[in-house]
Amino acid sequence: MAPTHKVEIPALPGLVSGQNPAKPSNEQLQDESILYQTCIAISPMQAGYAADFVTITLKQHLKTILDRGIRVISNAGGLNPKACVDAINALAGEQGLTVKLACVIGDDLMDFEGSFRESQRSEMYSGSGFPERVLSINAYLGAEPIARALDQGAQIVITGRCVDSAVTLGAMMHAFGWHRSVQMKPSG
């Protein structure tokens, strides 16, 4: 029997009901969550995302979030951000709501397993060789795609694996215009 994962964002009710709602961000992909989601992703259900983010957190607060124009950023997509986005769309439909969602993908590198193996990659700390059996290979994505999704009007941004700071930094990049394209221009 798979362990149950209950994910709640205790601060979310206060954030969505306050005078000046922020852009709540939710970082919940600890390394053990990736292992758990890998097990779920290879099961017949093939969820592979933090389902409780949808069935508990958003189910209770989606209408308020949308009514107040609050944008939410979460890496709850885990190993299957597309399925998470589909679940949020289904939830919105059940509640008679329409939500503009963005799905940040690109962290899944399983298609490159063969080339990693052929290049004789090793673990960076121990130097051990590439494992015989691999369940998941993921890169840590940054904040830029999150900021771009917000720039394009996404109300909820769902990512897979990203650096912990990306969910917050992406909102700041959007709010303050801190995009790489702007940062690379010469001053003057």
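Just after helix H6, Gly153 takes a positive phi of about 95°. This is a predicted model, so the angle is a computed one. Most residues other than glycine have a negative phi. Gln120 has a positive phi of about 55° although it is not a glycine. Where does Gln120 sit? Gln120 is found in the loop between H5 and H6. Gln120 is exposed, because its relative accessible area is 69% and the cut-off for exposed is over 50%.

Helix H6 itself has a buried side to its story. Glu144, Ile146, Ala147, Ala149 and Leu150 are buried in H6. Ile146 also turns up among the contacts of Thr159.

Now step back to the whole chain. The chain holds eight helices and four strands. Read along the sequence, they follow the pattern α-β-α-α-β-α-β-α-α-β-α-α. The chain has 188 residues, and 40% of them are buried. Take the contacts with a separation of 6 or more: residues 24 or more positions apart account for 75% of them. The chain exposes about 10900 Å². Carbon and sulfur atoms supply 54% of that area.

Next, go inside. How many residues does the largest nonpolar core have? The largest nonpolar core has 24 residues. Phe53, Val54, Ile88 and Ile156 are those with the most contacts inside it. Helix H3 (51–67), helix H4 (81–94) and strand S4 (156–159) each supply at least two residues of this core. Which element gives the largest share? The largest share comes from H4, with seven residues.

Pick out Ile156 and look around it. Leaving out residues up to four places away in sequence, Ile156 touches Leu58, Leu62, Val72, Ile88, Val99, Lys100, Leu101 and Ala102. One of these, Ile88, is also on the list of residues with the most contacts inside the core.

There is a second, separate core. This one has 16 residues, including Ile73, Val104, Val167 and Ala171. Val167 is found in helix H7. Val167 counts as buried because its relative accessibility is 2%, and buried means under 20%. Val167 and Val157 are 10 residues apart along the chain. Their C-alpha atoms are separated by 9.0 Å.

Stay with strand S4 for a moment. Thr159 has its place there. Is Thr159 buried or exposed? With a relative accessible area of 1%, Thr159 is buried. Its contacts, not counting residues up to four places away in sequence, are Ser74, Asn75, Ala76, Gly77, Gly78, Pro81, Val104 and Ile146. Val104 is one of the residues in the second core.

Now turn to the aromatic rings. A search of the whole structure finds three aromatic pairs. In one, the rings of Phe112 and Phe116 have their centres 6.4 Å apart. Their planes stand at 35°, so this pair is tilted. In another, Phe116 meets Phe130. Here the ring centres are 6.5 Å apart and the planes are at 50°, so this pair is tilted. Why do these angles give that label? Planes under 30 degrees apart count as stacked and over 60 as edge-to-face, so the rest are tilted.

What does the Phe116 and Phe130 pair tie together? Phe116 lies in helix H5 (residues 113–118). Phe130 lies in the loop between H5 and helix H6 (144–151). The pair therefore ties together parts that are 14 residues apart in sequence. Phe112, Phe116 and Phe130 form one aromatic cluster.

Phe112 counts as partly exposed at 44% relative accessibility. Phe130 counts as partly exposed at 24%.

Which residues make the nonpolar surface patch of about 370 Å²? Leu169, Met172, Phe176 and Trp178 make it. Met172 has its place in helix H7 (residues 166–176). Met172 is partly exposed, with a relative accessible area of 33%. Val167 is found in helix H7 too, but Val167 is buried.

Notes:
Residues numbered from 1 in each chain as written. Predicted model: local features only at pLDDT ≥ 70, side-chain atom pairs only at ≥ 80, totals over all residues. Heavy atoms only, no water. Phe/Tyr/Trp six-rings, centres within 6.5 Å; stacked < 30°, edge-to-face > 60°. Buried < 20%, exposed > 50% of the residue type's maximum accessible area, 1.4 Å probe, protein only. Core = buried A, V, L, I, M, F, W, Y, C linked by side-chain atoms within 4.5 Å. Contact = heavy atoms within 4.5 Å. Areas by Shrake-Rupley, 256 points an atom, 1.4 Å probe, with all protein chains shown as cover. Patch = residues over 30% accessible without salt bridge, like charges linked within 9 Å, V, L, I, M, F, W, Y side chains within 5 Å. Salt bridge = Lys/Arg side-chain N within 4 Å of Asp/Glu carboxyl O.
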